[in-house]
Amino acid sequence: MGCGASNTSIVNEERQPMKVPVEQSSGCIMTIRNAHPSAVYGCAFTNCGDMILSGGRKGGLRMWSRKDGSHMFDLEGHSGFVLSCSISKHGVIASTSDDQRVRLWNYFLPEGKPAENVSSTTPPVTPGFQGSGMLLACMKGHTHKVYSSDFNTSGDTLLTGSMDMSLRFWDVATAAEASTITNAHTRSIFTCSYSRDSSIVLSGGDDHVVNIWDTRTNQKSRSLTGHTKTVWSVTTSHDDKLALSAGIDGGVNLWDIGTGKVMHTFPGSCAIHSVAFSGDDRHVLSAGRDNNLRVWSIDGTLVDVLRGHEAAIYKMTLSDTTILTCSLDSSLRLWEMPTEAKGAADLDDIEFDFIDDSISEGDPWAECKATPAN
């Protein structure tokens, strides 16, 4: 289960984010500035909702207090950038990286109690105010950057997707590879997600297609076509009847999973890194390279634009009515879910023109060179 650093360096040259000063939206609850020394690529709430996990270009994984934004502890081990992080119902943390490795961690609460008894060999921890964590396993298998991870509902299986075009399923208890879908896409995979009941998996990537997989057989049940460029984010509604997908083409597609048809496309003026449904499935959220978080009603009405980040937003997740975002500007932000639509005058968007054609396909964490439109 153990592994050292990869002998092959696939870390891109460090580039500084372009920060655009903006007026802070009233919906922002808290900002953790300089959460990492550079870009923050992944974020998640712990299951009890009182802590926040983040992972990024530098600084490995970090745990934060949701109450006051104070730093609690770090989890270090990856030799490259942390590209995704997720937490199971049992409190197991998964992280993926451009070092091609998948790591599992356990974390301990400030009183020294494990988040969950995930291992009979877990050593006792001396109680300390900040809490702590430990590495459970480092898993080899992927042969390229691993961009996405998601636990199934029961928390016993971890799904990962990679630029090696494979989807891999890992047994959490043994840290062994349970099964693999090789060539799940014809080009790199950048996003994968379980449905809420874990009966299907959605995946998307550089071939512009969203594939749906039956987790009982690992067979593809349907391909959703409609995007014209790389797909960077997929997710399902809480009733598993609908799906969202988005990417470089800027459109957020709302799909009927049963028919495979697009029900609506929410327009965008920038590449989208992350999409989500609200807890009641009545709203759609999107975030990307124009630094803003947009909230739409399910019928397509723009409800609000939440501004505050000074560079591209990479990931978004929700806990009840609280939204967590992480960004190229090195910050984490907590937002309150809008409850009613703003007036038209308050929804004037900043439009961006992309002047770098290199983002027309591929690696989602390449720097966005964008300037406000005239």
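At 6% relative accessibility, Phe-73 counts as buried, a term that means under 20% relative accessible area, with exposed meaning over 50% and partly exposed in between (1.4 Å probe, protein chains only). Phe-73 belongs to strand β5, where strands (E, at least two residues) and helices (H or I, at least four) are DSSP runs numbered from the N terminus. Its C-alpha atom is separated by 9.4 Å from that of Tyr-107, 34 residues apart along the chain.

This is a predicted model, in which local features need pLDDT of at least 70 and side-chain atom pairs count only at pLDDT 80 or more, while totals for chains, interfaces and linings use all residues. Residues are numbered from 1 along each chain as its sequence is written, and side-chain values use heavy atoms, with hydrogens and water left out.

**Confidence**

- The mean pLDDT (the predictor's confidence in each residue, from 0 to 100) of the chain is 84, and 77% of the residues reach 70 or more.
- Over residues 116-130 the pLDDT is below 50, and this stretch has 25 contacts (heavy atoms within 4.5 Å) in the model beyond near neighbours in sequence.
- Residues 367-374 also have pLDDT below 50, with 25 contacts in the model beyond near neighbours in sequence.
- Where pLDDT is low, the predicted coordinates should not be read in detail.

**Overall architecture**

- The chain has zero helices and 30 strands.
- Of its 374 residues, 58% count as buried.
- Among contacts with a separation of 6 or more, 51% are between residues 24 or more positions apart.
- The accessible surface, from the Shrake-Rupley method with a 1.4 Å probe, comes to about 15,300 Å², and 47% of this belongs to carbon and sulfur atoms.

**Aromatic pairs**

- The structure holds five aromatic pairs; rings of Phe, Tyr and Trp (its six-membered ring) pair if their centres lie within 6.5 Å, and planes under 30 degrees apart count as stacked, over 60 as edge-to-face and the rest as tilted.
- The rings of Tyr-41 and Phe-81 have centres 6.3 Å apart and planes at 50°, so this pair is tilted.
- The pair links distant parts of the chain, with Tyr-41 in strand β2 (residues 40-45) and Phe-81 in the loop between β5 (71-75) and β6 (82-87), 40 residues apart.
- Both Tyr-41 and Phe-81 are buried, and together with Tyr-314 they form one aromatic cluster.
- Phe-266 and Trp-296 form a tilted pair, at 5.5 Å centre to centre and 55° between the planes.
- This pair also links distant parts of the chain: Phe-266 lies in strand β21 (residues 261-266) and Trp-296 in strand β24 (residues 293-297), 30 residues apart.
- Phe-266 is buried at a relative accessible area of 0%, and Trp-296 is buried at 6%.

**Largest pocket**

- The largest pocket is lined by 49 residues, of which Asp-150, Arg-196, Lys-315, Thr-317 and Leu-318 lie nearest its centre.
- Strands that each supply at least two residues of its lining include β2, β6, β10 (146-151) and β14 (189-194).
- Strand β26 gives the most to this lining, with six residues.
- On a 1 Å grid over the protein atoms alone, a pocket is an open set of points where a 1.4 Å probe fits, with protein on both sides within 12 Å along at least five of seven lines; lining residues have an atom within 4 Å of a point.

**Asp-214**

- Asp-214 is located in strand β16 (residues 210-214) and is buried, with a relative accessible area of 15%.
- Leaving aside neighbours within four places in sequence, Asp-214 is in contact with Ser-199 and Gln-219.
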